Structure formats: C-alpha cells, structure tokens
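Me: I'm new to this one and would like to learn how to read it. Could you walk me through a few features?

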Amino acid sequence: MRQTARVRLALIANPRSGTAPDPDELTALLAADGADVSHTPIEAIADEGGGELRPGALDAISAAGRPDRIVVAGGDGSIGAAALCAAQLGVPLAVVAVGTANDFARAKALPLDLEAACALARDERAATAPAELGMAGSRPFVNAAAAGLSVAAARAAAPHKSLLGPLAYAVGAARAAITATPLRCVVACDERRCFEGRAWQVVVGVTGAFGGGSEIGATRADDGLLDVAVVAAGSRAGLARRAYGMRSGRLTAQAGVTHERAAVIAVELTGRPAFNVDGETCRCEPARFTLRPGGFAVVTSS
C-alpha cells in the first residue's frame, strides 16, 4: 500500500525569545501528528534579533529536504527573517508566538497558546492568507519601524521584559515620555516631502502594531503600500494623548499627526539615531522603507 507523504516542516527557533521553550520540546509538539520536522537555529538564518539573512540561510533550511512549510518560533523580530525565507522558497509561514509582545500574532489573530499554535502550524489543511513584508533597506520586518520615542521606550523596557512581560513596554513608554527629546527629521513619501521638522516619533508601518499592544491605526493589509505616521513635536504633557491614540489604534486620526501612504518611504534623521524595527534596536542607513513584492503567505486559523 502506498504511504501518504508526511508534511515536512522546517522549524526556525529562537530560544532566547521571551517565553520560548526548548527547541526539542517545540520539535516534539510539531511532530505530534506525524509531521517530519527539521530544526534550524535562528543564528543560521540571521542574528537572534532578526536582521538581514545570512549567506546560505535557504540552504540551511532546506538541508533536510525542501520544506512544505516554515515554522518560526520566536518574537516579532524573528518573524521578519523567517517570512523572507518563506517568500524566497515559495512556501507558507506558520508562527508560534513565543516572544514578549507578539504584536504580529495579535494583529493577525493567530493563537498565542503554545500547543494551539503548534497544532495550527502542523495542520496540513490549515488555510493561508497573504501578508505584507516590509523591508528596511535589506532588513525584513512585519510590523513597524520607528524612530524617536519608540527607541527610548524599547531601551527602557528591556531590563523589565523577563519580569513584567508585555507590561514592560508600558513602563518603557512612561520613562521615555519623561526623558526623551524630539528628533529632527525629513520624511519623503514616493520622493515627495511630506514632513520636515521636529518630531516625537516617526513610525513606518506594515501591520502598524508595536510596543506590546499599540498600533498607529488606519493601515490596510492588502493595499501594497506602507503607512507612515509622524508625531510632530509639542508639549511633553500632550504625550499622554498620543499614548492613548496608540493604545486605541487611533493615532493617525489625531490632530498634529501626519499620516501618509506610499510605496517608498525615506526618513532622514539628524544625528544618525537608531530605529526600533519589530522590537529590535538597530541602525537603518539609509533609512529607506519598501514592501517586498508579493509579500508572503501566513498560516491562519480562519
């Protein structure tokens, strides 16, 4: 009797993410229904915070045979690199959200429970949906790239992640509101200058989610365009209203916030400050943001 081929899953795991279990435990959960699972550490794909793909990343993933599906187990920073691998191999990506914020999983209504996420990842009959993939130069990202308050907040939150989980971002945001200073920037959308001056924050959004439950709002999942929200500098006391706008997903609707959509967004910052890209602090030089044509397919429960 001819045997049915088992689904082949390529697991990319980042065991240093917020709630990540041991890769062996993940492998066992993914293989529960007979799937053939191979494991590739995130370090073989990119650094643990995501970033550009390493040479040979696709070969590492395919060493045990071309996968039917890639499974990424990590935080938001790990998803971008795995999504780019999935797009280049032409296979879907399943997400096991084991980070601190898990903004992408929340934005896409993916399961946050470990066993439920693994069950979905190994389900051959699970549906897929198109998802957009942003590129900060050659660095992939799925949620947002931000400069200004987001960077200060991420740095202030880092020491508290293990103890407070997503609440660490609220602590970081509160400290950033007290200590951060506006930055000088020029933002161009498809080569048209749309903002110049001092700003508390510049956010380039794909899903637009960031900071453990915040979002800029008004993003569209299938328009083929990036969104940018620029919070012009103003009184420090007014930052409470901006914080409410981000938590309620209505930042772009507030007065004093510039919101544009474009295929290419370029940001010039005085003093070479860093960006927070899907929760990871890094340099983006030049700070030129685009969408990868075609995006990627994400495994979904709906």
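Predicted model: local features only at pLDDT ≥ 70, side-chain atom pairs only at ≥ 80, totals over all residues.

Me: Which residues line the largest cavity?

Reply: Look for Gly49, Gly50 and Gly51, then Asp76 and Gly77, then Arg139, Pro140 and Phe141, and lastly Val277 and Asp278. By kind, the lining divides into 3 nonpolar, 4 polar and 3 charged residues.

Me: Which helix and which strand each supply at least two residues of that lining?

Reply: Those are helix H3 (76-89) and strand S7 (139-141). The largest share, 3 residues, comes from S7.

Me: Now strands. Do S1 and S2 pair in the parallel or the antiparallel sense?

Reply: Parallel: strand S1 (residues 8-13) pairs that way with strand S2 (residues 36-41), over 6 bridges. To find the pairing on screen, pick Leu9, which stands opposite Val37 in S2.

Me: Let's zoom in on Ser38. Why does Ser38 count as buried?

Reply: Buried means under 20% relative accessible area. Ser38 has 18% relative accessibility, so it counts as buried. Ser38 is found in strand S2. Setting aside neighbours within four places in sequence, Ser38 is in contact with Leu9, Ala10, Leu11, Ile61 and Ala64.

Me: And Arg192: where is its place, and what does Arg192 touch?

Reply: Arg192 has its place in strand S10 (residues 192-205). Leaving out neighbours within four places in sequence, Arg192 is in contact with Val187 and Glu260. At 42% relative accessibility, Arg192 counts as partly exposed, because that class lies between the 20% and 50% cut-offs.

Me: How many residues apart in sequence are Arg192 and Ala263, and how many Å apart in space?

Reply: Arg192 and Ala263 are 71 residues apart in sequence, and in space they are 11 Å apart, C-alpha to C-alpha.

How values were computed
Residues numbered from 1 in each chain as written. Heavy atoms only, no water. 1 Å grid on protein atoms, 1.4 Å probe; cavity = no way out; pocket = protein on both sides within 12 Å on 5 of 7 lines; lining within 4 Å. Helix = DSSP H or I, 4+ residues; strand = E, 2+ residues; numbered from the N terminus. Nonpolar A, V, L, I, M, F, W, Y, C, P; charged D, E, K, R; others polar. Pairing = 2+ DSSP bridges. Buried < 20%, exposed > 50% of the residue type's maximum accessible area, 1.4 Å probe, protein only. Contact = heavy atoms within 4.5 Å.
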